[in-house]
Amino acid sequence: MANPGSFFSFKQFTIQQDRTAMKVCTDACVLGAYADVGSGAESRAERVLDIGTGTGLLALMAAQRKPTTQVDAVEIDDEAFRQAVDNVAHSPFAGRVRVWHGPIQSFDGEPYDRILTNPPFYTNHLRSPDAAVNRALHTGELPFTDLLTAVSRLLRRDGQWWVLLPPYEAGLLSKMAQTYGLRPFRRLYLRHNTHKPPFRVITGFGYGPETATDETLFIYEIDNRTYTPAFRALLQDFYLIF
């Protein structure tokens with residue numbers, strides 16, 4: 001019998017995750033459902049890049065949200081790469097999602113309309129003896145300077161970059177991004193409930209002079225068990241329980 005924690009089933013695809021350090025988590029699902037991937041009828045965005053795809057979750061969510069888009073997903077870890085390839089191959093979107101093996105620093109591609117990133121963010125924390133966990137969680141494999149260099153090279157001038165980080169790291173990245181001409185135009189603060197502070201921030205970056213619009217998403221009602229209507233509405237196309 002398969003371990004229930006080794007996979008996560010969505011409405012249109014299943015994520016196997018027994019070979020990857022980073023499992024499916026709520027905040028990553030929010031990023032995949034919230035980020036503008038050009039799914040509006042008026043949008044011309046057709047090319048999406050997922051940096052550090054892991055299981056392939058964000059790439060598959062983007063492919064589901066816009067049926068005409070082509071998604072490229074890049075992953076450096078050997079086992080995560082193989083897992084993402086398998087997850088894509090067993091999904092309905094295999095013809096539109098390509099998984100590339102290697103570091104984003106050496107990835108070469110035409111400019112993208114949208115870039116999605118759930119990057120490693122620990123800088124001063126104790127490192128794990130597990131090398132795969134270190135690659136997934138610690139910035140040593142992908143420093144913010146390298147990430148910003150890659151995004152500035154691969155993002156169209158009218159494109160958008162969406163990134164998920166804890167609040168402190170999100171603020172740090174926003175300051176560093178200005179050196180590359182990238183400025184936040186939207187921020188979504190994720191909070192468990194009204195009594196808890198933000199634990200993650202989803203930031204949309206672009207090259208325009210926009211002033212950032214701030215929003216907050218509460219995941220749970222005050223009982224910390226019932227999902228809020230806003231969270232249910234955002235994830236209703238993906239979660240089986242909605």
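**Contacts and sheet**

Modeller: Among contacts in the protein chain between residues at least 6 apart in sequence, 70% join residues at least 24 apart. Contact means heavy atoms within 4.5 Å. The model is predicted: local features need pLDDT of at least 70, side-chain atom pairs count only at pLDDT 80 or more, and totals for chains, interfaces and linings use all residues. Residues are numbered from 1 along each chain as its sequence is written, and side-chain values use heavy atoms, without hydrogens and water.

Colleague: What makes S4 and S5 a pair?

Modeller: Two strands pair if DSSP finds at least two bridges between them. Strand S4 (residues 70-75) and S5 have 5 bridges, in the parallel sense, so they pair.

Colleague: What is the strand order of the open sheet?

Modeller: The 8 strands run S5-S4-S3-S6-S7-S9-S8-S10, with mixed pairing. Strands S5 (97-101) and S10 (213-218) are the edges, because each pairs on one side only.

Colleague: Which strands does helix H2 touch?

Modeller: Helix H2 (residues 57-65) packs on the sheet and touches strand S3 (47-51), S4, S5 and strand S6 (112-117). Its direction makes about 175 degrees with that of S4. Axes are lines fitted to C-alpha atoms, for helices over the stretch in contact, and angles run from 0 to 180 degrees between N-to-C directions.

Colleague: How many helices and strands does the protein chain have?

Modeller: It has 7 helices and 10 strands. Helices (H or I, at least four residues) and strands (E, at least two) are DSSP runs, numbered from the N terminus.
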